[in-house]
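This report describes the surroundings of the ligand and the arrangement of the domains. The sequence and the structure are shown below.

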Amino acid sequence: MARSQIANRKSKIVISGGGPAGSSLAIRLAKLGFETTLIEREQFPRAKLCGEFISPECLEHFDELGVLEEMLSAGGDQITETRFFELGGRSVGVASSWFGRGEFALSLSRATMDHLLLERAKQVGVSVYEETSVTGVESDGDQIISLHARTSDGSVRDIAGEIFIDATGRARVLAKLADRKLDTAAAHVKPDLIGFKAHLETADVPKGVCEIYSFQNGYGGLSRVEDDRFNFCFLMKASAVRSFGGDADEIVRDIVGKNKRAAVTLGDVAPHHDWLAVSIDGFGARRSSPARNLFAVGDSASFIDPFTGSGMFMAFQSSALLANAIAAYSDSPDRIASEYLDRYGKTFSNRHRVCWVLRQTAFVPVVATTIVSALSLSTSVRQRLARATRG
Ligand SMILES: Cc1cc2nc3c(=O)[nH]c(=O)nc-3n(C[C@H](O)[C@H](O)[C@H](O)COP(=O)(O)OP(=O)(O)OC[C@H]3O[C@@H](n4cnc5c(N)ncnc54)[C@H](O)[C@@H]3O)c2cc1C
């Protein structure tokens, strides 16, 4: 395809990806007076595969970002308890207040949440390009100087900047492009897990509760979202998904439905739209990028098991840490890097360790059953565990 340069734009900070990490960072930086550009592949609002459990701590970030009222009035459910059901139907509850900040979590679709954040970014002066994909980087030595971005009509735009942010989620598009540019081999990783999600027309889950079901080779979460719909999202080992030919309806009927509680709440699943599916090739911190002026936030920086319902919180938190580091040292990428990485490690490394342990229990029903029985004996242990997932 012939490349038409329809605009060459000098931006100081260029963010790729308009999920919670990218949008929140853009809002913070624009409010700090930085010239900020955000490039997003999709046209919002768009559905996104997620448990849509917006943990209580995120509400503080919404407040700082200026979107709290809109989020609270968008019709989502206020979740005061998450209940974990083992295969036989026994359960333990974790109060949302145990996470340490706020009385409730919000169950709101990612279509709505991400859209409200992106609209706020536009409102505070961020230049937002939707339906525009980052497809290449231009480097000078060990620094990126501009991005190539392709719009939906096929034209290519060069977007120059001084600081670049990878907020493209687990895909880490920008980091991988920078790696390739600098001839570093990018490892191909086989997916370990497959995630599925659909909004359902009906489900029998009480208001104010998020329910988590353990089943063979996976677990899933169900809660109400806006517009009288229910979000059901589950994760399963890729090998087990393959044995069902990837058919989510069949998996729900034959495997998820073996969980006694899920059989009642899900009944005959009637998705409002086709199932969304993603593959997941691991958790934890990602390899840092070779470019000196490229920083990663949200899932691009590290991916935490969805079991803890804290991925979005980490996206907001990492963006807040990076915004502070940029505000303090905007003229020195090296100082931004050392400040950000130091704060990042202190904030998140323990959280990843706790979540690693929890993950080992989540995929084996017999272990999940033992843990549910043990935890049902002690409220204070459950409380401490909930806090530990937040570091
Ligand atoms: C199965 C599952 C369930 C989950 N459930 C929960 C939950 O209940 N609660 C919770 O807190 N977290 C949950 N998470 C984690 C949560 O979804 C992520 O942590 C969060 O979305 C990270 O935000 P982000 O902004 O870093 O990335 P994303 O939300 O992935 O946003 C990245 C954005 O980048 C855009 N993009 C990608 N490529 C390009 C490109 N080339 N050019 C331009 N733009 C691009 C994408 O379109 C997207 O909008 C779950 C994750 C999974 C996989």
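Domain bounds, as used here, come from an automatic or database domain assignment. For this predicted model, that assignment gives domain 1 (5-47 + 111-186 + 284-355) and domain 2 (68-106 + 190-282 + 362-388).

**The shell around the ligand**

There are 39 residues around the ligand, of which G19, G51, G169, G298 and G311 come nearest. By class, the shell consists of 18 nonpolar, 16 polar and five charged residues. At least two shell residues are supplied by each of the elements α1, β10, β17, β18 and α9. Among these contributors, α9 has the largest share, with four residues. The residue ranges of the elements are tabulated here.

| Element | Residues | Shell residues supplied |
|---|---|---|
| α1 | 20-31 | at least two |
| β10 | 132-140 | at least two |
| β17 | 230-237 | at least two |
| β18 | 276-280 | at least two |
| α9 | 311-329 | at least two |

**The contact between the domains**

Taken over C-alpha atoms, the centres of domain 1 and domain 2 are separated by 29 Å. Eight residues from domain 1 and ten residues from domain 2 take part in the contact. On the side of domain 1 that touches domain 2, helix α4 (residues 110-123) gives the most, namely three residues. That side of domain 1 comprises six nonpolar residues, two polar residues and no charged residues.

Conventions
Residues are numbered from 1 along each chain as its sequence is written. This is a predicted model: local features need pLDDT of at least 70, side-chain atom pairs count only at pLDDT 80 or more; totals for chains, interfaces and linings use all residues. A residue is near a molecule or strand if its C-beta atom, placed from the backbone, lies within 6 Å of it. Ala, Val, Leu, Ile, Met, Phe, Trp, Tyr, Cys and Pro count as nonpolar, Asp, Glu, Lys and Arg as charged, and the others, Gly among them, as polar. Two residues are in contact if their C-beta atoms, placed from the backbone, lie within 7 Å.
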